[in-house]
Amino acid sequence: MSFLPEVALGDEFQPFATFCGDLGFFPNLLRAQSLLPRLIKAQTTFEKVVRLNRGGISRVQKERILLCVAVDRGDVYCASLARTALLLHGEPDHRIEGLARDHAGIGLPADEVALLDYCRKLASHALSVNSADIERLRQYGIGGESIIEAAVTTALGIYRCTLSVGLRPEPECERWNLPPGPKISGLEVEHEARSPKGPYVSAPYLSPQTFAPFATLMTSHGFIPNFFRAQTLRPDLLAAQAELAAAILLPEDTLTRSQKETILLAVSAANLNSYCVAVHCNLLRGLGLPAEEGDQIAIDHHRSSLSVADKALLDFAIKLGSRFSEFSLDDVDRLRSAGFTDPQILECEVVTALNNFSNVLQAGLGIEPDFDPPLAYERKKTHLTTVSDRPTQQASAASSAVADVEDPDAELTAHARAGNLEAFEELIRRHSRLVYRALTAILGNQDNAQDAMQDVMLSAYEHIAGFQSRSKFSTWLVSIARNKAIEYLRKRKNEVSLDESPFGEDQDFRPRELRDWVDNPEQAYSRQEIQQLIEKGIMALPPKYRTVVMLRDIEHMSMEDIARHLGLSVPTVKIRLLRGRLMLREWLAPHFAPGVRKANQ
Amino acid sequence: MITCDEFFADFGDYIDNRVSPEVRRELELHLSQCRACYVLYDSTCQTVKIVTDSGSFELPENVSESIIGQVMAKLRAGQS
């Protein structure tokens, strides 16, 4: 009996046949998920591809990887499962014992020893893996396809072990006593060895038009994360992961998509995985969560505005994902007391397992970030370097401090908050042009923007005492400008939407004007004429495109800052920016294509 | 070679220099052989450059000073 109740699944349940044909029995790790059979199906399909598809690594080598990962985590259940598979494939018991103690001491070929070195390091010290580890694999002739296969197999081992801690299934066979040796208690980091510069393997181009998983990701995420792009050398493994993630994350019959994304964010943050923190912050923003709230969940969810129950959910997930040696049945009971049902608890565990899978695989392949992680999180991260520092039941001293971001206005802001009017005057002088451009972009009218500036500045002064430095002063000021502008338009019954359309931005805008432009078009007009042309063209854009184009191409803000200012995800900003630029290009084309006379002639 | 639609799917990231070397190679191969996409690429880059260099939407200094002056006068009046 595991931590969660089980229900009968019926003999026809397809995963039975898959596992029984392979191992001779249906693992209790899967049976323990019977409250949500779709999760069993998802894991079974995924395991089948990872363990049985033949690439550069043999089936026995993969089972050895799974065994070593489980042994290093002290996971008796998962180690016994891998041992059973190895025995079935003819690996003698004494060799399995030797493998668990020291894989270099049982006469394996040097390339496999190197491969297991890499996998064990990845499983126990994921963030310390670096390009030197990959270089060593290459010296033994291990290519990109096999490196991906080894990393995915290791990450599968982590997925299994995370579930094994959360579900505590009984071993199917005789309990195997693991050899003595140090065991890890959480996903750890070795500071001195942090020089990851990826991606470590090449990634041939795959088209979203012909490779279905990419098309699906565009629909579900609004973009194709580098996490998947980096694995195109092994489309089979990539497709299986995309399918697993979709099966776990997209249904909303148990936990909501937002709850699952907050789990992924909080556990990735606890595992110090900046890549995944940045991705999930953006996905949450796409689901309507303000940027500052995402940052706060990454830094310390106890100080976020999540409900008490959802904070308990994250406590549970962080402990399971990051401090697994402390996890017990008490944690399950605590979550039940917080009002969660057993299927919800199960789904939380599976989402956490998926998270740890992704964290490990990202580190193992050195996958480069799609977006910048929140500055406040990156600063806080340096204080969260040991497993015991990571927030769980009680907010630690380190996590109770408000996380300030680097802000060139910090000193002036502090004075202004204390009531110093000169400091406030200097602040608004520094940012008056930014406020003006933001207002102009949203209002679509320069005179109205000038009128609204006073309101924005007075409102900023009125609220500055409550400004907590979780974002830059300029970000905060633009948020006020945005709200004032929208209020102004609403008063005039001029509805405008700058909101996110959940993963559904129009992406089908195609340019019509395809005539060549003249060389050096700027020389055909005076600077003043160019300015007038651009201002007219930008004002003619619909507000949601105009705002992004102005902030990026006129105000030179980063994509991340624009996304924060406007409360959007970075993928949405990118789509709007491209579309806005293309519309502007259409508008300018008649002025810059050959044979076209000056507009004002 | 990739199609024009495939080129267009990565076009935004390409002009912002945010694609992997492998994707860049495919896009540039397409650009070298497709006149229509090249024109689109070239004129979009020109658009971005013209907009970026234009210094548009400057707030005239006298307007800015006048607004700040009015704001500060109101705040000082409120303090006294």
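Q: What describes the packing of α25(A) and α28(A) in this predicted model?
A: The two helices pack at an angle of about 140°. Their axes are 9 Å apart. The model is predicted.

Q: What is the hand of the crossing of α25(A) and α28(A)?
A: The crossing is right-handed.

Q: Which residues make α25(A) meet α28(A)?
A: From α25(A) come L533(A), G537(A) and I538(A). They meet L584(A), W587(A), L588(A) and H591(A) in α28(A).

Q: What makes two residues of this contact polar?
A: The contact divides into five nonpolar, two polar and no charged residues.

Q: Where else do α25 and α28 of chain A supply residues?
A: The contact between the chains takes 45 residues from chain A and 38 residues from chain B. On the side of chain A that touches chain B, α22 (421–443), α23 (446–463), α25 (527–539), α26 (543–554) and α28 (570–592) each supply at least two residues. That side divides into 25 nonpolar, eight polar and 12 charged.

Q: How do you know that the buried residues of α10(A) line one face?
A: P213(A), F214(A), L217(A) and H221(A) are buried in this helix, residues 212–221. Seen down the axis, the buried residues fall within an arc of 100°, so they line one face of the helix. A212(A) and T219(A), on the other side, are exposed.

Q: What covers the buried residues of α10(A)?
A: The cover includes α11 (226–229), α12 (235–249) and α14 (274–286) of chain A.

Q: What follows α10(A)?
A: G222(A) follows, with a positive phi near 85°.

Q: Why is A246(A) called partly exposed?
A: A246(A) is found in helix α12 of chain A. It has 16 C-beta neighbours inside 10 Å. Buried needs 20 or more, and exposed needs 12 or fewer. The count lies in between, so A246(A) is partly exposed.

Q: Which residues is A246(A) in contact with, leaving aside its neighbours within four places in sequence?
A: They are T216(A) and S220(A).

Q: How do you know whether F57(B) is buried or exposed?
A: F57(B) has 20 other C-beta atoms within 10 Å. Buried means 20 or more, so F57(B) is buried. F57(B) lies in the loop between α3 (35–54) and α4 (61–79) of chain B. Its phi is positive, about 55°, although it is not a glycine.

Q: How many helices and strands does chain A have, and what share of its residues is buried?
A: There are 28 helices and zero strands. Of the 601 residues of chain A, 52% count as buried.

Technical notes:
Residues numbered from 1 in each chain as written. Chains lettered and ligands numbered in written order. Predicted model: local features only at pLDDT ≥ 70, side-chain atom pairs only at ≥ 80, totals over all residues. Contact = placed C-beta atoms within 7 Å. Helix = DSSP H or I, 4+ residues; strand = E, 2+ residues; numbered from the N terminus. Nonpolar A, V, L, I, M, F, W, Y, C, P; charged D, E, K, R; others polar. Axes fitted to C-alpha atoms, helices over the stretch in contact; angles between N-to-C directions. Left-handed = near helix turned anticlockwise from the far one by under 90°. Arc of directions from axis to C-beta.
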